[in-house]
Amino acid sequence: DMHDRQVTTIRRLCKMHRDGFYVADLRNLSKLLGMMGSLVAEGKEEFVEPLVETLRICSIPFVKEIASEEYRNFAALCDTIETLGSLLMCSDKSVVLAAGEVLATYAGSEEGLPATVSYHHQVLENSKIAACVAAALRAGGGADRQILLQLLRLVLELSRTRELAVQLLE
């Protein structure tokens, strides 16, 4: 079956990148996440586990081959974050929780470097992630306690800068 082969390929991809996805691959990663999200939305349950596995790897900082690579791939990074935000609207709880974890981790920037946090917030501002979080809350994200807590954690992380806080209120 075609879907079985696709799932196997995605799992193989996750094994290859278990230490993080390369910044240079973000465009393809964004497309892959979007495709898997669409398949899950269509009821293809076999894609839930590979999607969650891919999201777990996304919570690991992206691998840079050169120091400026993240800055040079700003648009691809914004697209990837926006795709992650769209997964907050997924019908599968495990996908929503995993996507929320990735975004909260990215917004909090565990690396602890002020410049990195500032850059991450610029990416978040440009990816319109606040609108995705608001839409997820409006769509009933509060009906499940775990999802509500994850979304509120994300709101907390996003509200740490004035610009993102304003976007959350709009």
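Q: What should I know before I start?
A: Residues are numbered from 1 along each chain as its sequence is written, and side-chain values use heavy atoms, with hydrogens and water left out. In this predicted model, local features need pLDDT of at least 70 and side-chain atom pairs count only at pLDDT 80 or more, while totals for chains, interfaces and linings use all residues.

Q: How far apart should the end C-alpha atoms of helix α6 be?
A: Helices are DSSP runs (H or I, at least four residues), numbered from the N terminus. The expected span of a helix is 1.5 Å times one less than its number of residues. Helix α6 covers residues 93-108, which is 16 residues, so it should span 22 Å. Its end C-alpha atoms are 22 Å apart, in agreement with that.

Q: Is α6 largely enclosed or open, and which of its residues are buried?
A: Buried means under 20% relative accessible area, exposed over 50%, and partly exposed in between (1.4 Å probe, protein chains only). In α6, 12 of the 16 residues are buried, so the helix is largely enclosed by the rest of the structure. Among them are V95, L97, G100, L103 and Y106.

Q: How many salt bridges does a search of the whole structure find?
A: Side chains of opposite charge can pair when their charged atoms come close. The rule here is a side-chain nitrogen of Lys or Arg within 4 Å of a carboxyl oxygen of Asp or Glu. By that rule, the search finds 7 salt bridges.

Q: Which residue pairs with E101, and what does the pair tie together?
A: The partner of E101 is R153, with the closest N and O atoms 2.7 Å apart. E101 lies in helix α6 and R153 in helix α9 (residues 145-158), so the pair ties together parts that are 52 residues apart in sequence. E101 is partly exposed at 32% relative accessibility, and R153 is partly exposed at 31%.

Q: What about R160: which residue is its partner, and is R160 buried or exposed?
A: R160 forms a salt bridge with E157, and their closest N and O atoms are 3.1 Å apart. R160 is exposed, with a relative accessible area of 53%, whereas E157 is buried at 13%.

Q: Where does K128 lie, and what is its phi?
A: K128 sits in the loop between α7 (114-126) and α8 (129-138). Its phi is positive, about 60 degrees, although K128 is not a glycine.

Technical notes:
Helices (H or I, at least four residues) and strands (E, at least two) are DSSP runs, numbered from the N terminus.
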